[in-house]
Amino acid sequence: MPSLRSRALSAALIASGRRRRFASAEAVRDRVAHTTRRPESHLPPRALGRVAEVSRTFVGAWPVYDAQPRGAEPAARVLYVHGGIYINELVRQHWSLVRTLVTEARAHCVVPAYVLAPRGTADRTVPVAADLLSGLIAGGGDVGTVLIGDSAGAGLALAAAQRLRDRTGAAPSRIVLISPWLDVSMSHPDQAAIEAADPMLGRPGLAEAGRLYAGTLDVDDPRVSPLHGSFAGLPPISVFTGTRDVLTTDSRELLRRARADGVEVDYHEEPGLPHVYPLLPVPEGRAARDRIVEIVRRAGAE
């Protein structure tokens, strides 16, 4: 049974009409048109600078933020890839997770503000993310590297790990996927029933955002939908999902396919919890964040 606070938050999400953003392909196209005219900020909040050394560089057209603990050597390195169905920038909840990783896990976090769809498509985006991951692993020395992504960012993160494995054989110490979106086709037969209870997401809008991100690639291409790629040779994967998330089918399929390929999966499926619940201000979210902090700490000590 989800906590009272979680149930109240889900009710508030439904009342706010949040799911209307994903109700149709037209709603997503309108969103893209709006943010093209008036781009939103991806800047970190000023409060992050009170607990972390924050800087920014550019990798091609990508602003890449660097957040490190103040007055302490990092105990681990993290590449964090944010969600937002490939069309939305970093938001407060993403930066709050970065703050937690810096302050509680003493992690050096690298956070790319990748180019959004439709300008940023998988064929362009995945190689850059793989290069960032490669550089972080190579520069880590004895410090472990953890790859973390939520929602669409989890799909991009997994695709980058698969590409890096295929190209060089390198891999992070651990992969953490939060409510991952791994198949943008939105074609799983169980999704219709789950969608009815999802307070946040709708299949038509997600499918359109996935189409924009795919660009000229097929939506089943592993660069777009890494669920269709091989998991063999990847490091242990931790997955966090909730049963009121239409994308939980992707997590369940990952569990089956990754284990079939011999990959260790640490799987957490919370009854009654919505999309990206580990980023939300609810008790189950706090427990999930504590678990992620512990994963990062352990990776740093390995």
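Ser-179 is buried, its relative accessible area being 0%, where buried denotes under 20% relative accessible area, exposed over 50% and partly exposed the range in between, with a 1.4 Å probe and protein chains only. The structure is a predicted model, in which local features need pLDDT of at least 70 and side-chain atom pairs count only at pLDDT 80 or more, whereas totals for chains, interfaces and linings use all residues. Residues are numbered from 1 along each chain as its sequence is written, and side-chain values use heavy atoms, with hydrogens and water left out.

Ser-179 is found in the loop between strand E6 (174-178) and H6, helices (H or I, at least four residues) and strands (E, at least two) being DSSP runs numbered from the N terminus. The phi of Ser-179 is near 45°, a positive value in a residue other than glycine. The loop between E6 and H6 also holds Met-186, which has a positive phi of about 55° although it is not a glycine, and which counts as buried at 8% relative accessibility.

## Other backbone features

Most residues other than glycine have a negative phi, and most peptide bonds are trans. Ala-117 and Pro-118 are joined by a cis peptide bond with omega about 10°, and Pro-118 lies in the loop between strand E4 (107-112) and helix H4 (122-138).

Helix H2 (residues 25-37) has 13 residues and reaches 19 Å from its first C-alpha to its last, close to the 18 Å expected at 1.5 Å a residue, the expected span being 1.5 Å times one less than the number of residues. Its buried residues are Val-28, Val-32 and Thr-35. They cover an arc of only 70° around the axis, which puts them on the same side of H2; the arc is that of the directions from the helix axis to the C-beta atoms. On the other side of H2, Glu-26 and Arg-37 are exposed, while what covers the buried residues of H2 includes helix H7 (203-214).

Helix H5 (residues 152-168) has 17 residues and reaches 24 Å from first C-alpha to last, close to the 24 Å expected at 1.5 Å a residue. Of the 17 residues of H5, 13 are buried, so this helix is largely enclosed by the rest of the structure. H5 is followed by Gly-169, whose phi is positive, near 85°.

## Packing of H3 against H9

The axes of helix H3 (residues 92-104) and helix H9 (residues 283-301) come within 10 Å and cross at roughly 50°. That angle makes H3 oblique to H9, given that angles under 35 degrees count as roughly parallel, over 145 as roughly antiparallel, 65 to 115 as roughly perpendicular and the rest as oblique. Axes here are lines fitted to C-alpha atoms, for helices over the stretch in contact, and angles run from 0 to 180 degrees between N-to-C directions.

The contact (heavy atoms within 4.5 Å) is made by residues including Leu-97 and Leu-101 of H3 and Ile-292, Val-293 and Val-296 of H9.

Leu-147 is found in strand E5 (residues 145-150) and is buried, with a relative accessible area of 1%. Leu-147 and Val-81 are 66 residues apart in sequence and 8.1 Å apart in space, C-alpha to C-alpha. Leaving aside neighbours within four places in sequence, the contacts of Leu-147 include Leu-79, Val-81, Leu-133, Ala-157 and Ala-161.

Glu-195, found in helix H6 (residues 191-195), counts as buried at 13% relative accessibility. Not counting residues up to four places away in sequence, Glu-195 touches Arg-19, Leu-201, Gly-202, Arg-203, Pro-204 and Val-246.
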